[in-house]
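Have the viewer open as you read.

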Amino acid sequence: MSLPALLIYSFLYLYPSIQNLLYSFTRWDGVTKPQYIGFRNFTYMLSNDVLFRKILGNNIKFTLFVVIFQTAFSLIFAIFLAKNSKGNIFFRTLFFFPTILSSVSVGLMWTFLYNPNYGFLNAAFKAIGLDNLAVNWLGDSRYSLLAVAITQVWFHTGQMVVIYVAGLQQIPQELYEAAEVDGATRWQQFKSVTWPMALPTTAVVVAYTTIQSFRAFDLIYSMTQGGPLNSSDLLVTNIFNLAFVGYKFGYAAAQTIFLVIMILLITWLQRRTLKIDYGVKS
Amino acid sequence: MKINKNQIGLVAALVTALVISPLTIARAADTPTLGRACSAEGANTGTSTDSLVCKSVGGKLIWQKVRLGANYGTPVSALRAPKGTIEFHHWRPEDKAVFQTIIDKFQDANPGTTINQVIMSSVDYTNLAYSKINTNKKAAVFVTSRGGQFDQFYKGGLLKDISDQRYMKQNVIQSALTPATVSGKVYGLPYQSLFNNPIYNADMFAKNGWKVPTTWTQLLSFCKTAKSAGIIPFAWPAATRGNAGQILNSFLMNADSNYATMAAHVAAIDTGKEDLQTDWFKSIANKYKAMNDAGCFPANVTGYNDTAAPADFAAGKAAIYPTGSFGISTVTKLNPAMSGKIKMFGMITTDSKPLYEGITNNTFILSVNAKASSTDQKIANAFISWLATPAMAQLYAVGTSQHVSIINVDYSANVDLLNVSDIMGKKLLLAPRFLFNNVNGVRNPLEDALIAIGGGADVNKTLADTSKTIKSNLGA
């Protein structure tokens with residue numbers, strides 16, 4: 001029964017992955033024959049590539065910001081919207097709405113909002129007297145990464161709210177009732193009931209958000225193309241530029257391997273930190 | 001002494017003759033006439049088979065018949081296409097309707113032949129066209145851009161040699177073929193003749209009594225004047241690297257006293273023999289800074305993209321839109337009232353006698369897919385020959401506000417094309433920005449650095465940081 005699935009998986013995922021691994025040991029321009037160079041792509045990437053280090057730093061900052069704020073906002077919204085009232089369903093739909101938009105549309109929309117001279121955001125800041133906050137969001141290397149990270153949080157929070165709501169609705173109501181009987185405040189209820197019971201959902205949200213933030217290619221591409229001066233470049237945009245603009249397919253493959261290992265490592269660490277046991281017995 | 005009416009008439013006629021004759025003689029001397037003396041070497045009267053060019057003969061400058069094609073022959077008709085269906089891949093969604101009109105006419109002339117347009121955005125096309133076309137034999141006719149992309153397709157064996165086609169010799173301006181020529185063989189027809197020079201609002205200049213700057217000092221002075229009048233002097237779309245990089249052409253064209261030295265510096269940077277901290281490159285970077293200091297650019301220019309820039313220019317908020325002839329159609333679409341008010345000037349960045357007066361580029365290189373079937377190649381070749389006929393080229397040029405590299409095209413039906421045509425008579429340089437072959441590793445970070453400096457970043461720090469990035473990129 002599982003053979004067709006295995007064949008499809010091998011053809012669509014395993015074969016390209018192995019091919020990518022093989023290319024990572026080559027110098028290849030995508031046109032001529034690949035030339036085997038051993039681990040040179042990896043040693044160069046980890047020891048000499050200044051841009052790679054800068055972009056890796058961007059990626060870590062971006063991921064930290066997105067994971068922290070997206071998880072926090074989605075949990076807060078989910079707590080308020082967990083009950084199935086008409087109003088809550090309306091707001092859940094409203095928050096989920098950005099998720100159905102194409103990422104390029106979201107990127108363009110936020111590019112207009114961030115426009116330093118005509119954008120809504122700066123106009124709003126100026127209107128309420130916060131002129132010092134009216135900055136050159138996408139054109140200044142100090143703010144461009146933050147600006148894209150905010151957009152990413154706005155774009156995906158609704159999706160995570162839905163996951164959290166599903167998780168919170170599984171928490172037995174009796175636990176809250178027992179806590180109320182014991183005289184627990186709302187904060188104590190959150191600390192002792194909601195948070196521990198929502199941990200498995202949090203693990204899913206955090207892992208998914210982490211992977212999403214490492215794959216935020218289209219948003220970066222449509223908003224800043226990695227600029228100014230690579231200040232908003234992420235590993236995925238750099239890999240794309242290396243391969244399809246610089247025709248360094250071998251080196252791009254090596255960075256892809258690094259990216260995959262890093263995501264696996266971070267996800268494993270997150271699971272360890274949140275002490276998640278899915279109950280799977282070997 | 002009495003003066004009668006006849007005498008008065010005689011004197012009046014004499015005076016009139018004395019005034020008019022020299023004017024007529026002077027006018028006749030200025031009018032380009034075959035065999036007569038001319039004053040500006042290289043100036044020409046157009047791109048028709050009866051056009052004249054000012055050339056030196058025995059030390060004297062004389063108007064001579066221009067030879068635009070490989071010979072003095074007139075353009076030939078298009079080839080017949082066999083029956084079949086092929087794809088035409090290109091990156092200009094804005095030209096879709098015009099191309100469809102041309103394709104419909106081609107299909108009417110060749111019953112049973114179908115050409116389907118496959119269009120990507122220019123960014124996607126740059127990144128993905130090779131892999132898509134390389135695996136699609138039905139993509140029998142496609143375009144490439146000058147430089148890296150053309151080289152990639154050539155190396156991949158996708159370009160068929162079309163040097164011997166008659167239409168290539170008699171319908172195409174031969175000087176335009178350079179970007180598609182490798183070792184004497186021609187692998188494509190660079191269809192568009194672009195002029196990557198700033199366009200300006202001639203109406204605004206006239207109303208304000210401004211003169212088009214012809215020296216570096218005048219340019220900076222103009223910026224101050226325009227800014228004090230509440231006008232954005234240069235609507236420079238610095239947030240969009242592709243268009244922001246166009247002015248680099250102007251900075252490079254007069255960056256040295258001769259072309260060879262400039263090209264040598266570019267090659268040295270491209271290969272890592274020189275970094276961006278040399279005096280030569282720093283002098284270019286300092287000029288970006290000087291433009292910023294003189295108020296040439298709008299506020300927050302590094303966040304100012306190619307949506308805001310043409311919109312400001314079209315709305316009369318900006319005096320100059322420094323991209324090129326290809327920007328005209330965008331502006332006139334935004335504000336049709338701008339049509340006829342747009343002119344072009346060569347951006348001179350020196351106070352010495354300029355080596356070049358403007359920039360040109362031949363791109364949108366039409367090629368036949370060498371991996372397509374022979375029937376599909378014949379259809380593709382016939383379609384390119386169809387596009388190379390003066391009638392179809394004129395349809396394309398007028399419909400898209402683009403100059404083309406085809407002989408005997410009349411631009412008078414499009415006032416904007418006509419208005420920028422006078423740049424063709426100047427001493428133009430083939431866009432030097434494309435001398436950088438390493439786009440991702442060198443040109444992009446270099447242009448990013450200049451954009452940052454144009455936005456007010458520190459020259460020395462930016463060039464030092466970017467030099468490190470480029471060095472690292474070249475080592476990868």
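**Starting from the core**

Keep in mind that this is a predicted model. Pick out Val141(B) and look past its neighbours within four places in sequence: what is left in contact with Val141(B) is Ile86(B), Phe88(B), Leu366(B), Val368(B), Asn369(B), Ala380(B), Phe383(B) and Ile384(B).

Now zoom out. Val141(B) sits in the largest nonpolar core, a set of 191 residues, and it joins Phe383(B) and Leu387(B) as the residues with the most contacts inside that core. Which element gives this core its largest share? That's helix α3 of chain A (residues 50-81), with 11 residues. On the chain B side, at least three residues come from each of domain 1 (84-191 + 363-389) and domain 2 (199-345 + 438-475).

On to where the two chains touch. Chain A puts 28 residues into the contact and chain B puts in 27. On the chain A side, α3 and α12 (235-245) are the elements that supply two or more residues, and α12(A) has the largest share with 4. By type, that side of chain A splits into 15 nonpolar, 10 polar and 3 charged residues.

Last stop, a helix pair within chain A. Helix α1 (residues 2-23) packs against helix α13 (residues 249-274) at about 115°, their axes 7 Å apart, and the crossing is left-handed. From α1(A) come Asn20(A), Leu21(A) and Tyr23(A), which meet Phe249(A), Gly250(A), Ala253(A), Thr256(A) and Ile257(A) of α13(A). Sort the residues of that contact and you get 5 nonpolar, 3 polar and no charged.

Definitions and conventions: Residues numbered from 1 in each chain as written. Chains lettered and ligands numbered in written order. Predicted model: local features only at pLDDT ≥ 70, side-chain atom pairs only at ≥ 80, totals over all residues. Axes fitted to C-alpha atoms, helices over the stretch in contact; angles between N-to-C directions. Left-handed = near helix turned anticlockwise from the far one by under 90°. Contact = placed C-beta atoms within 7 Å. Nonpolar A, V, L, I, M, F, W, Y, C, P; charged D, E, K, R; others polar. Core = buried A, V, L, I, M, F, W, Y, C linked by C-beta atoms within 7 Å. Buried ≥ 20, exposed ≤ 12 C-beta atoms within 10 Å, placed from the backbone. Domains from an automatic or database assignment.
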